[in-house]
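My notes follow the structure.

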Amino acid sequence: MLRTCLMLMILALTACSTPEPRFGPDGQPLATVYRINSGDEAEIQFRMLDSVNALRQASGAGPVKLSSELTAAARTHSRDMSVQNRPWHFGSDGSNPLDRVSRVGYTGRLIGENISETFETELETLSAWMEAPETREVILDPRAGDLGFSWHQEESGKIWWTLVIGAPAGGASPNT
């Protein structure tokens, strides 16, 4: 009986082991595709929101809240960039970020839009945005109070990320 229990425990522990990383000819780990499942949406959005707010707090800026309108604009643009197969701020219909936030009914003021075409996670993408002055300024803008964030992932694993930052209507952020 004891032997059977030990064998079952060993089998269970073996099943829990993590796979060995694979390495390329250069000795570097091979990239793995970051796959996003449909059930991951809320978790990814709130992980981004929490991370942005931590960065904003560290810089002395107040928090932002997730906006359904800005998220809808971000989702539309992420899909459209995929269709166009290029990361840029113009839609296939000629729209720009101002047009998109207006179309979804956002009554605040657009501060900026950050975009990315990558195979990286949302936090790796946020890190890259923080390294570039133009995209970092959008994230840390003290006038911001609203955030929209979405993506589109292709079958290949490529992800088109869009983050939209806005100032609530009336010009006052929720933290002033």
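I noted α2 and α5 as roughly parallel to each other, because an angle under 35 degrees counts as roughly parallel, over 145 as roughly antiparallel, 65 to 115 as roughly perpendicular and the rest as oblique. The model is predicted, with local features needing pLDDT of at least 70 and side-chain atom pairs pLDDT 80 or more, while totals for chains, interfaces and linings use all residues. Residues are numbered from 1 along each chain as its sequence is written, and side-chain values use heavy atoms, without hydrogens and water.

I looked up the axes of α2 (residues 41-59) and α5 (residues 122-131): they come within 10 Å and cross at roughly 30 degrees. Axes are lines fitted to C-alpha atoms, for helices over the stretch in contact, with angles from 0 to 180 degrees between N-to-C directions. Helices (H or I, at least four residues) and strands (E, at least two) are DSSP runs, numbered from the N terminus.

I then listed the contact (heavy atoms within 4.5 Å): I44, R47, M48, S51, V52 and L55 of α2 meet E122, L123, L126, W129 and M130 of α5. By class I found eight nonpolar, one polar and two charged residues there. Nonpolar means Ala, Val, Leu, Ile, Met, Phe, Trp, Tyr, Cys and Pro, charged means Asp, Glu, Lys and Arg, and the others, Gly among them, are polar.

Next I checked α5 against α6 (residues 133-140), whose axes come within 5 Å and cross at roughly 110 degrees. That makes the pair roughly perpendicular. From α5 the contact takes L126, W129, M130 and E131, and from α6 it takes P133, T135, R136, I139 and L140. I sorted these into six nonpolar, one polar and two charged.
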